[in-house]
Protein chains: 2
Amino acid sequence: MFGLIGGTGAVGVAAGVAGAKATTGDAGHDGSHSQVVGFFGDHQAGIATPAQDRLHFAAFDLSPVASREALVELLTEWTNAALKMTAGQDVGTGAVTGDPSAPPDDTGEALGLAAAKLTVTIGFGASLFTDAHGNDRFGIAGRRPEQLADLPAFAGDALKAEISGGDLCVQACADDPQVAVHAIRNLARIARGTASVRYSQLGFGRTSSTTVSQETPRNMMGFKDGTANLKADDTDSMNQHVWVQDGDGPDWMTGGSYLVSRRIRMLIEPWDSTPLTEQERVIGRTKGAGAPIGRTKEFDPVDLDAQGSDGAPLIDLKSHVRLAHPTTNNGATLLRRGYSFTDGTDDLGRLDAGLFFLAYQRDPRTQFVTIQNSLAGNANDVLNEYIQHVSSGLFACPPGVKAGEYVGQALFT
Amino acid sequence: MFGLIGGTGAVGVAAGVAGAKATTGDAGHDGSHSQVVGFFGDHQAGIATPAQDRLHFAAFDLSPVASREALVELLTEWTNAALKMTAGQDVGTGAVTGDPSAPPDDTGEALGLAAAKLTVTIGFGASLFTDAHGNDRFGIAGRRPEQLADLPAFAGDALKAEISGGDLCVQACADDPQVAVHAIRNLARIARGTASVRYSQLGFGRTSSTTVSQETPRNMMGFKDGTANLKADDTDSMNQHVWVQDGDGPDWMTGGSYLVSRRIRMLIEPWDSTPLTEQERVIGRTKGAGAPIGRTKEFDPVDLDAQGSDGAPLIDLKSHVRLAHPTTNNGATLLRRGYSFTDGTDDLGRLDAGLFFLAYQRDPRTQFVTIQNSLAGNANDVLNEYIQHVSSGLFACPPGVKAGEYVGQALFT
């Protein structure tokens with residue numbers, strides 16, 4: 001009977017795959033095929049990949065003395081390590097092999113765990129191209145894409161600099177939190193001396209279904225989140241809205257995508273004190289089914305013109321669904337890939353919980369910025385009473401690589 | 001193919017159980033039997049229950065104006081809510097039913113999720129009996145057990161008051177983090193006006209196997225943690241070391257257990273810079289197999305007298321295994337139920353990671369205190385170089401309840 005427990009969680013992933021239990025002392029952890037997302041391809045994994053259940057995201061800053069060569073070396077080592085970890089293997093010579101009189105290459109906490117669909121996605125912040133003093137530190141300032149323009153300040157922003165920005169970012173997603181944490185930890189370790197973690201964020205309970213077959217999860221407001229998300233298995237849509245196309249900008253980004261990250265704190269206590277009808281008015285959908293107001297099913301079309309018997313719009317003029325809708329934003333849409341977070345309690349005893357919003361797109365200037373301008377500020381989206389954007393990041397995620405290449409190679413050659 | 005994803009994580013638990021997929025709009029979330037741990041019994045669930053994969057732990061303080069009646073009312077409401085949530089149901093009238101012009105009774109983020117083996121375990125801190133000013137606020141000071149004596153200061157402690165202690169604690173464990181978070185959030189909401197959260201901690205990747213059939217997970221140091229743990233299915237052992245027996249102290253605690261919580265920060269970076277042989281010497285076990293030094297298998301007996309060919313002890317005199325061993329501590333042992341945590345990065349860019357140690361016992365004075373005195377301080381356990389205890393709690397967890405009772409009822413009657 002106790003065997004059933006295994007099937008539902010991290011440790012059980014390994015136990016549940018026939019014959020995949022790691023041999024003790026084996027340097028590689030469980031890499032059974034069904035748990036592995038391929039690393040190579042036209043695009044980096046972790047964007048169109050069906051959203052896994054757990055996230056560890058980290059932003060890194062380069063050391064002030066790091067050279068261009070050191071940066072290239074770092075990206076090469078990260079690529080090698082990501083390739084191994086996503087295949088369910090330890091980095092380098094492993095956690096328990098290699099020279100025992102030296103620190104092990106791998107930190108070991110993923111020994112015996114499955115690859116758990118780990119993906120590692122790397123992005124470049126604007127500060128990698130031109131630092132705060134305007135210096136072209138790595139000789140790439142001229143290759144900064146126009147799409148990587150700094151995000152404007154939005155009404156209502158409450159950003160903290162120390163958890164915003166970053167020269168580099170790594171998004172590690174997996175179905176096991178220990179696998180995602182292991183990935184970031186080992187990449188941070190590899191970076192030592194060249195780059196260090198600026199901030200990092202764990203997430204659980206993804207808030208978007210990125211494929212037709214994934215059920216829509218609920219966010220910390222209790223609402224289904226991601227119903228109308230772009231579907232990653234819709235190639236045309238992905239080419240139109242997510243993947244950078246030939247001619248969009250510098251060649252090195254063709255096949256890549258731009259990532260916007262926002263840590264959105266939810267003001268849980270006021271939200272929980274709000275009547276159900278008001279919650280549904282604010283969102284523009286029902287809480288149970290997730291249907292547009294006035295309809296009954298989650299995937300019923302959103303009709304922004306629908307009126308009630310009193311002639312008033314069924315979907316409130318300031319509701320989140322209306323203001324975020326492509327119709328309201330010149331057709332702009334995003335591939336959302338967010339995760340809920342709960343980071344304990346703040347010093348007032350309030351739950352520090354919300355959404356770590358992640359969205360991929362072809363051009364943030366016409367996509368995220370357009371939508372966020374529509375939503376931001378108390379004059380607009382009534383949801384703003386209950387949320388606060390406290391961190392922000394924008395990263396150019398280069399295309400995928402072939403064997404023998406490193407992520408971002410075309411930027412440095 | 002995408003269906004496979006479901007089997008490895010939170011959302012998949014619901015999807016993986018035949019017919020258990022929640023109906024949209026259904027007020028109760030999925031409570032399929034195999035996902036439910038029974039609430040009633042001689043002991044509170046969550047102690048002998050096979051350790052689930054995720055934790056949300058919270059300590060609460062009573063409001064300065066809360067009365068004895070309010071405290072009893074709170075414990076009654078918590079019991080009712082815990083009963084419902086552990087059965088996979090929403091609290092009260094649910095998240096989407098009840099009066100729509102009022103805030104919903106349930107916050108809704110667990111709608112559609114399985115019960116995920118949720119357990120809710122409640123404990124009473126010393127400050128509930130006698131407050132900081134020596135006042136007997138709730139008329140129970142005379143019933144404080146001797147076993148609930150304040151823990152002594154241990155050498156090397158770096159405790160922060162704001163994340164230590166607490167009048168009440170709730171340990172919510174589940175195989176799905178969103179289910180555990182939902183439980184603490186709804187209990188905190190019920191408490192509003194009577195008690196508020198003092199601090200809370202999320203954990204993942206349990207570090208102890210509490211039954212013979214559970215595999216031993218690895219902690220954030222990469223070592224198997226919990227190999228020699230008490231087994232919760234060994235009744236004699238549980239009665240001897242974990243459950244409070246008749247005559248041990250006040251009757252209201254008979255069948256209960258004492259919980260010690262310690263947030264143990266691991267100094268990851270120095271640890272990761274330590275050679276494998278040194279890591280193994282510090283722990284007293286091999287990193288791969290988890291075998292006692294000099295042996296090859298995890299469950300090989302720990303022989304503290306074993307010597308190498310040079311006549312030196314195989315298991316170092318200051319190793320963690322030796323100093324924590326029952327032989328070294330007058331037979332003292334604990335039921336450990338800890339969880340790993342990673343709370344992002346501190347302001348120096350170091351991973352804020354470690355072990356949220358939880359241990360149940362019959363008498364902390366002869367168990368945790370004895371063992372920790374053996375371990376604490378730099379003169380002893382060499383592991384202290386790599387860890388720091390930053391929070392501490394001690395709670396009396398009363399016995400289980402029958403239908404119609406509330407947790408801790410015997411203390412107030």
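Two residues are in contact when heavy atoms of theirs lie within 4.5 Å. The model discussed here is predicted.

Q: Which residues of α3(B) and α5(B) meet under that definition?
A: On the side of α3(B) they are Leu74(B), Glu77(B), Trp78(B), Ala81(B) and Met85(B). On the side of α5(B) they are His182(B), Ala183(B), Asn186(B), Leu187(B), Ile190(B) and Ala191(B).

Q: How do you know how many residues of this contact are nonpolar, polar or charged?
A: Each residue is placed in a class by its type, and Glu, for example, counts as charged. The contact of α3(B) with α5(B) then divides into eight nonpolar, two polar and one charged.

Q: Why is α3(B) called roughly antiparallel to α5(B)?
A: Helix α3 (residues 68–86) and helix α5 (residues 177–191) of chain B pack at an angle of about 155 degrees, their axes being 10 Å apart. Angles over 145 degrees count as roughly antiparallel, and therefore α3(B) is given that description relative to α5(B).

Q: What makes up the contact between α3(A) and α5(A)?
A: Among the residues of α3(A) are Leu74(A) and Trp78(A), and among those of α5(A) are Leu187(A) and Ile190(A). By class, this contact of α3(A) with α5(A) has eight nonpolar residues, two polar and one charged.

Q: Why is Ser319(A) called buried?
A: Its relative accessibility is 0%. Buried means under 20%, so Ser319(A) counts as buried. Ser319(A) lies in the loop between α8 (276–283) and α9 (320–324) of chain A. Apart from residues up to four places away in sequence, Ser319(A) touches Arg281(A), Val282(A), Ile283(A), Gly284(A), Asp381(A) and Val382(A).

Q: How do you know whether Gln372(A) is buried or exposed?
A: Gln372(A) has 6% relative accessibility. That value is set against the limit of 20%, and Gln372(A) therefore counts as buried. Gln372(A) is found in helix α10 (residues 368–375) of chain A. Neighbours within four places in sequence aside, the contacts of Gln372(A) are Phe154(A), Arg262(A) and His389(A).

Terms used: Residues are numbered from 1 along each chain as its sequence is written. Chains are lettered from A and ligands numbered from 1 in the order in which they are written. This is a predicted model: local features need pLDDT of at least 70, side-chain atom pairs count only at pLDDT 80 or more; totals for chains, interfaces and linings use all residues. Side-chain values use heavy atoms; hydrogens and water are left out. Helices (H or I, at least four residues) and strands (E, at least two) are DSSP runs, numbered from the N terminus. Buried means under 20% relative accessible area, exposed over 50%, partly exposed in between (1.4 Å probe, protein chains only). Axes are lines fitted to C-alpha atoms, for helices over the stretch in contact, and angles run from 0 to 180 degrees between N-to-C directions. Angles under 35 degrees count as roughly parallel, over 145 as roughly antiparallel, 65 to 115 as roughly perpendicular and the rest as oblique.
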